[in-house]
Amino acid sequence: MAHTDLGVKGAKHVPGCVTSHVTTYVVGDPCSHRWHAANRARADRRIAYRDVNRQAQWRWGTTESSITKLASFRRTGKATLIGRQDDAIHLRVEPFATKYQPWHNHAHHIIPRSVLAGALEQIANNASPHEGRAFDVMVHGLLDEPYNLNHEPNVMMLPVEDDDAVAMGLPRHLEGSGPGAVDHPVYNIEVKKMTIKRLAPAYEALMVAIKTAKHQREDEVPAVRHVLDGVSSLTYDEILSKTALYRMVGGTKVSLDKIAPILFI
């Protein structure tokens with residue numbers, strides 16, 4: 001589903017957002033899920049994140065490309081300039097500002113964009129033959145609340161490597177590794193089922209009204225942000241508890257897809 005379908009270019013976008021379109025760390029950007037996930041990781045006391053408060057120091061050369069990159073890092077809040085010495089630029093880099101520091105990490109959407117869109121599409125089918133209108137009404141309602149997919153509690157930092165995952169009691173983000181590992185399809189299926197289970201009852205009356213062409217006013221759209229936040233919080237708890245359980249009975253190598261079948265049991 002295109003960004004325009006989910007409101008990014010619409011007047012209602014920001015502070016509400018129901019897609020993932022700012023993929024980098026940008027301090028103060030409400031749609032930067034990496035920035036929100038980094039803030040959560042730094043404050044989280046349930047997870048023993050390694051080196052979470054350590055600001056790495058990088059030494060860069062003074063080439064034109066390095067100067068350009070430094071300007072970008074400072075503009076987005078990733079790093080601060082310490083100074084120049086020995087023909088090199090010295091930076092202090094914030095934890096999780098990049099996917100390689102303080103360890104190889106991914107900023108994970110607990111309810112991914114595709115899962116939310118798929119759940120809304122499935123619920124909208126209950127308003128057939130007006131499912132397109134139903135989808136639009138639900139999206140606009142979420143933006144009005146506002147609900148932002150990229151904020152806490154819907155983001156968390158996850159490791160990419162097994163050693164880091166074991167050390168911090170977390171699952172690895174993806175099942176595989178390398179360029180081909182880009183998603184967690186089994187996890188997506190389970191979270192989508194839970195999202196629909198919790199969300200569909202809240203939209204039941206709205207779907208009937210749209211199906212029978214009786215829906216007229218925006219204030220008839222139910223507030224469901226608390227429902228989605230509840231799914232995110234539940235899933236977060238289950239990720240931690242089921243990772244620990246899986247390691248007790250199934251070995252140390254645990255990914256989101258590995259624990260997905262038992263996530264909500």
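**Figure 1. Crossing of helices α3 and α6.** The axes of helix α3 (residues 113-124) and helix α6 (residues 185-211) approach within 8 Å and cross at roughly 40°. The two helices, α3 and α6, are therefore oblique to each other. The crossing in which α3 passes α6 is right-handed. On the α3 side, the contact is made by Ser114, Val115, Gly118, Ala119, Leu120, Gln122, Ile123 and Ala124. These residues meet Asn188, Val191, Lys192, Thr195, Ile196, Leu199, Ala200, Tyr203 and Met207 of α6. By class, the residues of this contact of α3 with α6 comprise 11 nonpolar, five polar and one charged. The model shown here and in the following figures is predicted.

**Figure 2. Crossing of helices α4 and α6.** Helix α4 (residues 131-144) also has an axis that passes within 10 Å of the α6 axis, and the two cross at roughly 135°. Helices α4 and α6 are therefore oblique to each other, because angles over 145 degrees would be needed for them to count as roughly antiparallel. As α4 passes α6, the crossing is right-handed. From α4, the residues Arg133, Ala134, Val137, Met138 and Leu142 take part in the contact, and their partners in α6 are Tyr203, Leu206, Met207 and Ile210. The contact of α4 with α6 contains eight nonpolar residues, no polar residues and one charged residue. Tyr203 and Met207 of α6 are among the residues that meet α4, and both are also listed among those that meet α3.

**Figure 3. Stacked rings of Tyr49 and Trp103.** The structure contains four aromatic pairs. One of them is formed by Tyr49 and Trp103, which are stacked, with 6.0 Å from centre to centre and 15° between the planes. This pair joins distant parts of the chain, its two residues being 54 residues apart. Tyr49 belongs to the loop between α1 (33-43) and β1 (56-60), whereas Trp103 belongs to the loop between β3 (88-93) and β4 (105-109). Are Tyr49 and Trp103 buried or exposed? Both Tyr49 and Trp103 are buried.

**Figure 4. Edge-to-face rings of Phe96 and Trp103, and the aromatic cluster.** Trp103 also pairs with Phe96 in an edge-to-face arrangement, with 5.3 Å from centre to centre and 80° between the planes. Phe96 is buried, as is Trp103. Through ring pairs, Tyr49, Phe96 and Trp103 are linked into a cluster.

Figure 5. Ala71 lies in helix α2, which spans residues 64-76. The relative accessible area of Ala71 is 40%, so this residue is partly exposed. Leu81 is 10 residues from Ala71 along the chain, and the C-alpha atoms of Ala71 and Leu81 are separated by 9.7 Å.

**Figure 6. Overall context of the close-up views.** The protein has eight helices and five strands. Along the sequence, these elements follow the pattern α-β-α-β-β-β-α-α-β-α-α-α-α. Taken along the principal axes, the C-alpha atoms fill a box of roughly 75 × 50 × 30 Å. The protein has 265 residues, of which 49% count as buried. Among contacts with a separation of 6 or more, 69% are between residues 24 or more positions apart.

Technical notes:
Residues are numbered from 1 along each chain as its sequence is written. This is a predicted model: local features need pLDDT of at least 70, side-chain atom pairs count only at pLDDT 80 or more; totals for chains, interfaces and linings use all residues. Side-chain values use heavy atoms; hydrogens and water are left out. Axes are lines fitted to C-alpha atoms, for helices over the stretch in contact, and angles run from 0 to 180 degrees between N-to-C directions. Helices (H or I, at least four residues) and strands (E, at least two) are DSSP runs, numbered from the N terminus. Angles under 35 degrees count as roughly parallel, over 145 as roughly antiparallel, 65 to 115 as roughly perpendicular and the rest as oblique. A crossing is left-handed if the near helix is turned anticlockwise from the far one by less than a right angle, and right-handed if clockwise. Contact means heavy atoms within 4.5 Å. Ala, Val, Leu, Ile, Met, Phe, Trp, Tyr, Cys and Pro count as nonpolar, Asp, Glu, Lys and Arg as charged, and the others, Gly among them, as polar. Rings of Phe, Tyr and Trp (its six-membered ring) pair if their centres lie within 6.5 Å; planes under 30 degrees apart count as stacked, over 60 as edge-to-face and the rest as tilted. Buried means under 20% relative accessible area, exposed over 50%, partly exposed in between (1.4 Å probe, protein chains only).
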